[in-house]
Amino acid sequence: MFRREAVPFTFVAEADAFRSNVAPPPRERPSASQVLTRTMIGLTVVAGLVGSLLLGTPALESGTSSPGHSQSSEASRNR
């Protein structure tokens with residue numbers, strides 16, 4: 001047999017006595033319009049992320065792709 005240790009809180013020690021064998025009611029299935037709405041929202045979010053990635057990637061590239069173009073300030077040109 002198992003020996004139970006003393007528990008300082010009564011509700012923890014008596015928790016086994018209050019376990020219920022009643023199952024919760026089954027969840028309602030979402031309707032077709034709810035499934036379609038959730039799918040469209042998900043696709044919109046994914047399309048926004050992909051679009052921002054495609055539009056933001058060129059802005060993050062370094063300007064080393066064109067070798068003839070070099071950046072210099074006007075102050076260094078006038079020296």
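Met-40 counts as partly exposed because its relative accessibility is 46%; buried means under 20% relative accessible area, exposed over 50%, and partly exposed in between, with a 1.4 Å probe and protein chains only. This residue lies in helix H2, residues 32–60. Together with Leu-36 and Leu-43, Met-40 forms a nonpolar surface patch with about 310 Å² of accessible area. Nonpolar patches join side chains of Val, Leu, Ile, Met, Phe, Trp or Tyr within 5 Å, from residues with over 30% relative accessible area and no salt bridge (a side-chain nitrogen of Lys or Arg within 4 Å of a carboxyl oxygen of Asp or Glu).

The model is predicted: local features need pLDDT of at least 70, side-chain atom pairs 80 or more, while totals for chains, interfaces and linings use all residues. Residues are numbered from 1 along each chain as its sequence is written, and side-chain values use heavy atoms, without hydrogens and water.

The protein has 3 helices and 0 strands, where helices are DSSP runs (H or I) of at least four residues and strands (E) of at least two. Buried residues make up 0% of its 79 residues. Its accessible surface is about 8400 Å², 61% of it from carbon and sulfur atoms, by the Shrake-Rupley method with a 1.4 Å probe.

The mean pLDDT (the predictor's confidence in each residue, from 0 to 100) is 78.

How values were computed
Patch = residues over 30% accessible without salt bridge, like charges linked within 9 Å, V, L, I, M, F, W, Y side chains within 5 Å.
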